[in-house]
Amino acid sequence: MSETVAPHPERAALADLIVELTQAAGEDLLESSSCDDMDELALRPGGLFAVITRLREAGFNLLLDVGGTDHHPLSPRFEISYILTAIPLGDQRDPRRFAGVRRFRLRVFPDDRDPIVPTLSDLWPSANWAEREIFDLFGVRFEGHPEMRRLLNPDDWKGHPLRKDYPLRGLERRFVPGGHTGTVPPVRES
């Protein structure tokens, strides 16, 4: 089966923006690509604010999602993905205003040993809990975050459960079926 690329004339205007974003990222740019569903930029954390500022100026006014990925044993190990969109602010009664809504993906790759990414919670309050969740589950810290603490796990939890090198049974489990305190016996595979 031969591969075909479906042209997207509605995204042609983003070509100039991608050139501007690659210039804004400077030496922190890793890669830019135009995928079938949306355009994306991969960069190091140092270029994040310059690129985000340019995207906001270009009308990308909504941060849809922030997610984390652990690519262990590959390097760079961690990836923080931001999905942004440009919601038209015109006539609220016109349902056609959402036709051809532009989306953009930013992929940020922090250092493996000490993963730190600048926070976007001051620009988009919706990033606050998503960044805390990534910190809790992956151990990636967000510099400048107003309240960088665990969100899903207890404060005394050891480790980060979504890291690929995290033990499946946890680092310390202190219960057994029946409610007695102690270590959990190994699971017997049948």
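**Stop 1: a partly exposed pair**

Begin with R149, which counts as partly exposed at 39% relative accessibility. This is a predicted model, so keep that in mind throughout.

**Stop 2: a four-residue network**

Select E40, E79, R105 and R107 together. Salt bridges that share partners join these four into one network. Take the pairs in turn.

Show R105 and E40. Their side chains meet in a salt bridge, 2.5 Å from N to O. R105 sits in strand β5, residues 102–108, and E40 in strand β2, residues 39–43, so the pair ties together parts 65 residues apart in sequence. Is E40 buried or exposed? E40 counts as buried, because its relative accessibility is 8% and the cut-off for buried is under 20%.

Move to R107 and E79. Here the side chains meet in a salt bridge of 2.9 Å, N to O. R107 counts as buried at 18% relative accessibility. E79 is buried as well, with a relative accessible area of 7%.

How many salt bridges does the structure hold? The count is eleven.

**Stop 3: the nonpolar core**

Select L48, L55, I80, Y82, L84 and L106. These residues have the most contacts inside the largest nonpolar core, which has 32 residues. Color by element next. At least two core residues come from each of α1 (14–25), β2, α2 (48–57), β3 (62–70), β4, β5 and α3 (127–138).

Center on L48. Which residues does L48 touch, not counting those up to four places away in sequence? They are L43, Y82, L106, V108, V117, P118 and L120.

**Stop 4: two cis peptide bonds**

Go to the loop between β3 and β4, where P73 lies. The peptide bond from H72 to P73 is cis, with omega near 15 degrees. Then step along to P76, which lies in the loop between β3 and β4. The bond from S75 to P76 is also cis, and its omega is near 5 degrees.

Key. Residues numbered from 1 in each chain as written. Predicted model: local features only at pLDDT ≥ 70, side-chain atom pairs only at ≥ 80, totals over all residues. Heavy atoms only, no water. Helix = DSSP H or I, 4+ residues; strand = E, 2+ residues; numbered from the N terminus. Buried < 20%, exposed > 50% of the residue type's maximum accessible area, 1.4 Å probe, protein only. Core = buried A, V, L, I, M, F, W, Y, C linked by side-chain atoms within 4.5 Å. Contact = heavy atoms within 4.5 Å.
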